[in-house]
Amino acid sequence: MASPYTQPARGIRKSSAIIDVAAAATPENLYLQSAAGQNARTVILRKVYIWNNTGANAQVQIGQGPLPALGALYPVFYALNGFDNQWTEDEIPEVEVNANLVVQSDVLGVHVQVEVEEIE
Amino acid sequence: MDLYPFKPGPIEPVALPGHTVGIWQKKNYVFAEVLYVEGVPRSDPIEIDLGAIAAGGTSAIAQTTALSLPDDEFGQFRCFVVDDICAMLWQARPDGRYKLRTRNGRVTRWTELKDPCGHTTEFYVYEQDDAFHQALNPTAYALTQSRVAFYGFRYVIQEYAPERYRWPDVLPPQWTRIPATAHL
């Protein structure tokens with residue numbers, strides 16, 4: 001059920017590329033900000049998909065860049081091994097970000113994809 | 001009857017057969033009677049593709065011949081972007097539309113979000129004085145297509161002889177202004 005606090009759409013929905021986390025505990029770009037227009041667009045993280053078949057449970061952190069930094073924006077996503085882990089917008093704090101989204105995991109090989117609402 | 005350019009709501013003709021229009025063209029109003037009106041539905045042939053654009057790049061400025069009209073006709077069009085681009089309009093080629101003092105408006109995916117009927121995107125084309133379009137890719141990834149879609153109406157007209165009506169001193173009693181170029 002939709003949250004009674006859900007706001008009307010302010011932007012358009014887009015998905016990131018699928019990121020195969022290349023190194024443990026190392027931030028990498030997840031969604032690059034669209035910044036070539038008159039003003040840089042902001043994004044709100046709406047959905048997270050994490051597929052973990054690494055053999056170990058993983059803690060995945062999504063935050064804001066730019067690399068090599070990761071500024072934490074959300075609670076850590078705990079991705080169970082062998083599961084298709086998904087979070088939808090009612091479960092994700094509505095944080096508007098004016099930067100690239102970056103991701104890191106304590107286990108390499110986790111696959112991460114997000115859907116964002118991009119706002120102009 | 002309230003028929004006028006940029007009317008909010010679903011697109012309507014700005015004039016009907018028998019009505020008089022004044023088409024602003026080359027810093028002069030061309031006065032004409034409307035003989036016939038026909039719809040131009042939003043459809044693939046009336047859509048342009050400004051091509052692949054690198055991340056943050058712009059396309060070439062393209063003559064929008066898809067909206068070109070025969071002699072003694074003008075068109076009324078609204079538009080929206082299909083891909084995530086910022087579309088810019090020129091009429092004539094060096095003269096940007098949606099114009100303010102220091103900036104020009106652009107049509108983006110957000111235009112449709114806030115103006116679903118597209119009335120703020122409306123523009124007019126007179127005969128073969130074509131519009132020109134250019135697209136900016138505001139994103140951090142390359143686009144393979146940059147499409148702009150149009151819909152509206154075409155009008156067949158018959159110009160009045162200059163002895164009858166001429167700008168600016170002998171004007172029709174009632175007429176609709178058609179801004180086919182920017183009013184500089």
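**Salt bridges, cores and a contact**

Tutor: Start with R78(B) and E122(B), which form a salt bridge whose closest N and O atoms are 2.7 Å apart. A salt bridge is a side-chain nitrogen of Lys or Arg within 4 Å of a carboxyl oxygen of Asp or Glu. The model is predicted, so local features need pLDDT of at least 70 and side-chain atom pairs count only at pLDDT 80 or more, while totals for chains, interfaces and linings use all residues. Residues are numbered from 1 along each chain as its sequence is written, chains are lettered from A and ligands numbered from 1 in the order in which they are written, and side-chain values use heavy atoms, with hydrogens and water left out.

Student: Where do R78(B) and E122(B) lie?

Tutor: R78(B) is in strand β5 (residues 73-81) of chain B, and E122(B) is in the loop between α1 (109-114) and β7 (123-126) of chain B, so the pair ties together parts 44 residues apart in sequence. Helices (H or I, at least four residues) and strands (E, at least two) are DSSP runs, numbered from the N terminus.

Student: Are R78(B) and E122(B) buried or exposed?

Tutor: R78(B) is buried, and E122(B) is too. Buried means under 20% relative accessible area, exposed over 50%, and partly exposed in between (1.4 Å probe, protein chains only).

Student: How many salt bridges are there over all chains?

Tutor: The structure holds 21. R154(B) and E38(B) make one of them, at 2.6 Å from N to O. R154(B) sits in strand β9 (residues 147-159) of chain B and E38(B) in strand β2 (residues 28-40), 116 residues apart. E38(B) is partly exposed, at 31% relative accessible area.

Student: What about E12(B) and K7(B)?

Tutor: Their side chains also meet in a salt bridge, 3.3 Å from N to O. E12(B) counts as partly exposed because its relative accessibility is 34%. K7(B) has 17%, so K7(B) counts as buried.

Student: New topic. How many residues does each chain bring to the contact?

Tutor: Chain A gives 17 residues and chain B gives 15. Contact means heavy atoms within 4.5 Å. Together the two chains bury about 1200 Å², 55% of it on carbon and sulfur atoms. Buried area is the accessible area (1.4 Å probe) that two parts lose on being put together, summed over both.

Student: Which residues of chain A lose the most area to chain B?

Tutor: I12(A), Q38(A) and E120(A) do, together taking 38% of what that side buries.

Student: How many salt bridges run between chain A and chain B?

Tutor: Two. In one of them, D84(B) pairs with R41(A), with the closest N and O atoms 2.8 Å apart. Seven residue pairs, both at pLDDT 80 or more, are in polar contact between chain A and chain B. A polar contact is a pair of N or O atoms within 3.5 Å; within protein, one must be able to donate a hydrogen and the other to accept it, and residues adjacent in sequence count only if both atoms are side-chain atoms.

Student: Which elements of chain A give two or more residues to that side?

Tutor: β1 (12-15) and β11 (111-119) of chain A.

Student: Now the inside. What is in the largest nonpolar core?

Tutor: That core has 25 residues, and L45(A), V48(A), I50(A), V60(A) and I62(A) have the most contacts inside it. A nonpolar core is a set of buried Ala, Val, Leu, Ile, Met, Phe, Trp, Tyr and Cys residues joined through side-chain atoms within 4.5 Å. The largest share of this core, four residues, comes from β4(A).

Student: What does V60(A) touch?

Tutor: Not counting residues up to four places away in sequence, its contacts include I50(A), F77(A), V103(A) and V112(A). There is also a second, separate core of 21 residues, with L67(B), L69(B), V125(B) and L143(B) among them.

Student: And where is T42(A)?

Tutor: T42(A) is in strand β4 of chain A. Its relative accessibility is 14%, so T42(A) counts as buried. A polar contact of 2.7 Å joins the side chains of T42(A) and E96(A).

Student: Last one: where is P93(A)?

Tutor: P93(A) is in the loop between β8 (83-87) and β9 (96-97) of chain A. P93(A) is partly exposed, at 36% relative accessible area. Leaving aside neighbours within four places in sequence, P93(A) is in contact with Y74(A) and P75(A).
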